[in-house]
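Work through the exercises below with the sequence and the coordinates open. Each task is followed by a solution in steps.

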Amino acid sequence: MPSGRIDIHHHLIPSWYREAFERHGKSAGGWPTPDWSRESSLAIMDELAIETAVLSASAPGVNFGDRAESRSMARRINEYAAEMVKDKPDRYGFFAVLPLPDMDGTLEEVAFALDELGSDGVGILSNIDGRYLGDPEFEPLWQELDRHGAVVFIHPEAPPMRMLEELPSPLLDFPFDTTRTAVHMVAHGVMERYTDVTVILAHAGGFIPFASERFAIAARFNPPVTEDGMRAGMKRFYLDLALSSSPTSMPSLLTYADPTHLVYGSDYPFAPAREFADMLDAYPLDSDQRSALRRGNAERVLSRFAGP
């Protein structure tokens, strides 16, 4: 499949990981945890013409409240993903999970994942115990990621607020939390200071394409950031199309985003990946746009997946 999709947003849920977070009473914001296997992953990839999928852990991550257990689980997931890549290097990449908020353990895992396992980047949840990614607490992490010139995939987490009854956080709150952390990062200068980091926001960046001009006003409360600086910082993000390729979403995305910063994502196995892939395939795009969204833009971010 030389022109197959590159899927930036593709989760793995080994049975032992699922057992661990369920034992701790964790979940993806009230969303039922779907079944997952290597075989089912490859099956959906073949069904949707996905040539290569970049694996990552979804919410709730590995923040179990016990540093040793969180470190151990992060290492186990990352080594498991690395083995999947080793077995099928043409079909898989991975973003390493980090044991945040344990900063010492996180910096150790960044070095191990990027330098020894050869991960394609790291995955970070949008908030860590209610703290957002522009917080000074995370400066050592951004410094290390910038030193590596790393790719960072930001996946939403349930925000620190009560879930509305019968409306699980992934359905309603996740786009809000992605927006919150992205604007927080820009308003606090993360995107301006760390220019060697490439940041991908899940689910089209939440509400940024729709409300970026409103969010630029944040500069008035966060000097010395300027409104133009806010706009430039938000434009730096890459946005994946997971759950975001509907006929009403695509016009806003194509109007707002740098056309080279849109990448395909399935959100397998949590999302109805076939439905949104069909919407994307049906949306009127010229051949260059379609090729860029299927894989060309992802090849620029993750050059090892580029063809000869």
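**Exercise 1. In what order do the eight strands of the open sheet stand, and which strands are at the edges?**

Step 1. The order is β1-β2-β3-β4-β7-β8-β9-β10, and the pairing is parallel. Strands (E, at least two residues) and helices (H or I, at least four) are DSSP runs numbered from the N terminus, and two strands pair if DSSP finds at least two bridges between them.

Step 2. β1 (5–11) and β10 (262–263) stand at the edges; each has a single partner strand, so one side of each lacks a neighbour in the sheet.

Step 3. The model is predicted: local features need pLDDT of at least 70, side-chain atom pairs count only at pLDDT 80 or more, and totals for chains, interfaces and linings use all residues. Residues are numbered from 1 along each chain as its sequence is written, and side-chain values use heavy atoms, with hydrogens and water left out.

**Exercise 2. Describe the pairing of β7 with β8, and the helix that packs there.**

Step 1. Four bridges join β7 (residues 151–155) to β8 (residues 198–201) in the parallel sense. Ile-154 stands opposite Leu-201 in β8.

Step 2. Helix α5 (residues 139–148) packs on the sheet and touches β4 (121–125), β7 and β8. A contact means heavy atoms within 4.5 Å.

Step 3. The direction of α5 makes about 155° with that of β4. Axes are lines fitted to C-alpha atoms, for helices over the stretch in contact, and angles run from 0 to 180 degrees between N-to-C directions.

**Exercise 3. How many residues of β3 are buried, and which strands pair with β3?**

Step 1. Six of the six residues of β3 (residues 92–97) are buried, so the strand is largely enclosed by the rest of the structure. Buried means under 20% relative accessible area, exposed over 50%, and partly exposed in between (1.4 Å probe, protein chains only).

Step 2. β2 (residues 50–56) pairs with β3 in the parallel sense over three bridges, and Val-54 has Gly-93 as its bridge partner in β3.

Step 3. β3 and β4 also pair in the parallel sense over three bridges; Phe-95 has Gly-121 of β4 as its bridge partner.

Step 4. From β3 the chain crosses through helix α4 (residues 103–117) to β4, a right-handed β-α-β crossover. Right-handed means that, with the strands pointing away from the viewer, the path from the first strand over the helix to the second runs clockwise.

**Exercise 4. Locate the cis peptide bonds from Ala-59 to Pro-60 and from Pro-223 to Pro-224.**

Step 1. The bond from Ala-59 to Pro-60 has omega near 15°, and Pro-60 is in the loop between β2 and α3 (67–87).

Step 2. The bond from Pro-223 to Pro-224 has omega near 10°. Pro-224 is in the loop between α8 and α9 (227–235).

**Exercise 5. Are Asp-129 and Ala-204, which have positive phi, buried or exposed?**

Step 1. Most residues other than glycine have a negative phi.

Step 2. Asp-129 has a phi of about 55° and sits in the loop between β5 (127–128) and β6 (131–132). Asp-129 is exposed, with a relative accessible area of 58%.

Step 3. Ala-204 has a phi near 65° and lies in the loop between β8 and α8. Ala-204 is buried, with a relative accessible area of 5%.
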